[in-house]
Amino acid sequence: MREIDVSQITEALKQLFIDANRVLPEDLESCIAAASQKETSPIGKAVLCDLCENMNAARELEIPICQDTGMAVVFAEIGQEVHLTGGSFEDAVNEGVRQGYLEGRLRCSVAADPIRRGNTGDNTPAVIHLRLVPGDKLTITAAPKGFGSENMSRIKMFTPSAGVDEIIDFVAETVRAAGGNPCPPVVLGVGIGGDFEKCALLAKQALCRPVSQRNSDPFYADLEKRMLERVNELNVGPQGFGGLTTALAVNIEQFPTHIAGLPVAVNVGCHVTRHKKITI
Ligand code: SF4
């Protein structure tokens with residue numbers, strides 16, 4: 001059994017949320033830079049160049065890339081051989097979020113109650129997804145999620161008779177209806193299979209996969225390509241001003257499902273699709 005003091009989790013998450021809000025994953029940055037070269041719409045191209053300038057400024061000035069520093073989503077994979085000491089895991093995660101958002105001067109965006117509103121004042125609680133895995137390591141991913149894009153996400157319970165074309169239509173229609181709201185170019189996390197909540201979780205997990213990494217199953221890698229092409233034909237363009245670049249990547253995660261169903265979830269991520277991971 002390997003002992004890990006929960007204070008290490010707090011410290012790690014504090015820094016992960018600060019860093020994730022200031023610097024995008026390298027491959028996403030490169031993808032936006034490459035799109036700015038290829039974009040043929042003059043306004044679209046200018047917007048993409050502005051986004052690149054904004055990313056560089058955030059890095060140099062050590063400030064967030066976007067004013068919406070997101071709801072704190074945390075994925076944790078805890079090895080079965082790990083014994084956590086020094087307190088509760090959940091408290092340690094929320095303390096890391098609290099310290100990160102307050103010390104990093106990140107906007108606190110969590111309403112204390114979904115209907116009566118208010119603000120928790122420190123961006124807690126985090127949305128925590130925990131998985132027990134073999135081994136003696138602890139891997140945590142911090143994924144701050146902005147709601148301009150989250151609000152545009154959709155789930156549909158298809159019947160098994162739905163074909164691939166219907167699924168592609170659903171993904172494209174989700175992006176078309178969203179227009180400029182999710183601050184395109186977007187990154188799409190698509191969950192296929194599982195049940196209702198598993199499918200939504202797959203879509204969120206898909207957003208945490210590097211945009212440069214295609215699905216390991218050639219069938220789904222091809223589907224990712226087809227969805228991306230279809231979405232980029234919509235002419236929504238950078239920030240909704242029209243152009244070739246509506247989406248930067250489509251990441252699919254799939255899972256077995258019930259014989260009577262075919263759930264599909266689209267978690268829309270904006271061009272600031274942030275995630276940062278550490279293994280302790
Ligand atoms: S959708 Fe993304 S880029 Fe737009 S305001 Fe929200 S976090 Fe910022």
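Cys183 lies in the loop between helix H6 and strand S7; helices (H or I, at least four residues) and strands (E, at least two) are DSSP runs, numbered from the N terminus. The phi of Cys183 is near 55°, a positive value in a residue other than glycine. Most residues other than glycine have a negative phi, and most peptide bonds are trans. Pro185 is also placed in the loop between H6 (164–178) and S7 (186–194), and a cis peptide bond with omega of about 10° joins Pro184 and Pro185.

This is a predicted model, in which local features need pLDDT of at least 70 and side-chain atom pairs count only at pLDDT 80 or more, whereas totals for chains, interfaces and linings use all residues. Residues are numbered from 1 along each chain as its sequence is written, and side-chain values use heavy atoms, with hydrogens and water left out.

## A further cis peptide bond

Thr124 and Pro125 are joined by a cis peptide bond, with omega about 0°. Pro125 is found in the loop between helix H4 (89–103) and strand S4.

## Cavity

The structure holds one cavity of 30 Å³ or more, and the largest cavity contains about 100 Å³ of space. On a 1 Å grid over the protein atoms alone, a cavity is a set of points where a 1.4 Å probe fits but cannot get out, and a pocket is an open set with protein on both sides within 12 Å along at least five of seven lines; lining residues have an atom within 4 Å of a point. Grid points are joined across faces, edges and corners, and a volume is the space filled by probe spheres set on the points.

Of the 13 residues lining the largest cavity, Pro144, Lys145, Leu207, Thr273 and Arg274 lie nearest its centre. Strand S5 (138–145) and helix H7 (196–207) are the elements that give two or more residues to this lining, and S5 has the largest share, three residues.

The largest pocket holds about 740 Å³ of space. It is lined by 26 residues, of which Phe75, Thr141, Gln205, Cys208 and Lys277 are the closest to its centre. H7 supplies the largest share of this lining, four residues, and the lining divides into eleven nonpolar, six polar and nine charged residues.

About 310 Å³ of space lies in the second largest pocket. Its lining has 19 residues, and the closest to its centre are Glu150, Ala200, Leu201, Lys204 and Asn267. H7 gives the most to this lining, with six residues.

## Packing of H2 and H3

Helix H2 (residues 26–38) and helix H3 (residues 42–61) pack at an angle of about 150°, with their axes 8 Å apart. Axes are lines fitted to C-alpha atoms, for helices over the stretch in contact, and angles run from 0 to 180 degrees between N-to-C directions. H2 and H3 are therefore roughly antiparallel to each other, a term for angles over 145 degrees.

Conventions:
Parallel < 35°, antiparallel > 145°, perpendicular 65-115°, else oblique. Nonpolar A, V, L, I, M, F, W, Y, C, P; charged D, E, K, R; others polar.
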